[in-house]
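Work through the two exercises below with the sequence and the 3D structure at hand. Each task is followed by its solution.

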Amino acid sequence: MITFNNLTALLKSSSKRAQLQDMLSLRSWCRRLVFVESERRVFSMAATAAFTTGSPNPNALKRVGTHNGSFHCDEALGCFMIRLTEKFAGAEIVRSRDQQACFFSLLTVWLITAIFGSLEGKGKDRVLDTLDAVLDVGGVYDPSCDRYDHHQKGFNEIFGHRFNTKLSSAGLIYKHYGKEIIAKELQLDQEHQDVLRLYLAVYKNFVESIDAIDNGINQYETDLPPRYVNNTHLSPRVGRLNLDWVEPDQSAAKENEAFQRAMILAGGEFLESIRYHAKSWLPARSIVLECIESRINIDPSGEILVLNKFCPWKPHLFELEEELKIDPPIKYVLFQDDRSKSWRVQAVAVSPDNFESRRPLPLPWRGLRDEELSKESGIPGCVFVHMSGFIGGNHTYDGSLAMARAALQFPTE
């Protein structure tokens, strides 16, 4: 039986050492050990390479660890994200909680140190200590050595930038590597302002809910606004990929297949989120910002906004008002209906998730249409006003602007 001790003695002979080097061709041989099925759950995630934003390094010997057993969305996404980085491109994923390393999982490191230097510890290293990065297990958060656990006592790391949700392993990886991933996807420098905007937007709209759910943070507390945005419900969908208790095959191989599917699901949706924010969210924000900056040219009150091109405007309006400290707040947004080519006057809600308007269209107009509405308002070309007063319409731009201006002057209810 080969042991660490007799292999060390064997390697003291220079001829034997050279023989063994030739036989193994160390680096290429070690790379063939990427999928070892044992209780230590070592496996390769090469199948996820199709989702990477850059070409993985075929010569990489990096290994990233996480725990075995039941998995959650945070480590599935974290493992996917870290493999998108230059440092860990194409890295192997090692799933283990074991205190002692098995022979094969340490053999690569051990042979290199035995042949090219002294071997310390004689096989007593912890599995996780031999890896290049570890996330969601190990009880250590130290980015200087790529350790990203969040379960230990005293851990209170947050993303910052006005986000106060405690981070999971996904949030930790995103905090340290998110800009690099986004910059690569956008083919921009990491310091470009669009990279920073998407870095914050993707955290808010995608990653934060995964952090919160993994840390057991409720989204709603009494009647206060939600603590975070959950657009995807990705965490429970990843959770359902764990082996069902009635599944007859509960082997490590089956468990690793399920985790690989979880990585692909979480990672694919993460990249979709980046691409959506780059191709849709960011251009819409630019349109809304431009219209906000020129609103005084529309009406001296500054409370009427005209979209020069229709886009999803509501989330951007609230964020930009806060960012630019706009006071008084905008009351009405005008935009052209692409289908009818008529114009809409929409009252801005008091908050993003509230149906109540800051200043609804006048009560006497509500529920009226066409000539009856034009007669009541004294404005030609009116089409309708909704019963709640949150939106109305006019055949022309000038007519819609007249409706908004008249509504501003109308006595409040």
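**Exercise 1.** At what angle do the axes of helix H9 (residues 252–293) and helix H10 (residues 314–324) cross, and which residues make the contact?

Step 1. In this predicted model, local features need pLDDT of at least 70, side-chain atom pairs count only at pLDDT 80 or more, and totals for chains, interfaces and linings use all residues. Residues are numbered from 1 along each chain as its sequence is written, and side-chain values use heavy atoms, with hydrogens and water left out.

Step 2. The axes of H9 and H10 come within 10 Å and cross at roughly 55°. H9 is therefore oblique to H10 (angles under 35 degrees count as roughly parallel, over 145 as roughly antiparallel, 65 to 115 as roughly perpendicular and the rest as oblique).

Step 3. The crossing of H9 past H10 is right-handed.

Step 4. H9 makes the contact (heavy atoms within 4.5 Å) through Trp-281, Ala-284, Arg-285, Val-288, Leu-289 and Ile-292. From H10 come His-316, Leu-317, Glu-319, Leu-320, Glu-323 and Leu-324. By class, 8 of the contact residues are nonpolar, 1 is polar and 3 are charged.

Terms used. Axes fitted to C-alpha atoms, helices over the stretch in contact; angles between N-to-C directions. Helix = DSSP H or I, 4+ residues; strand = E, 2+ residues; numbered from the N terminus. Left-handed = near helix turned anticlockwise from the far one by under 90°. Nonpolar A, V, L, I, M, F, W, Y, C, P; charged D, E, K, R; others polar.
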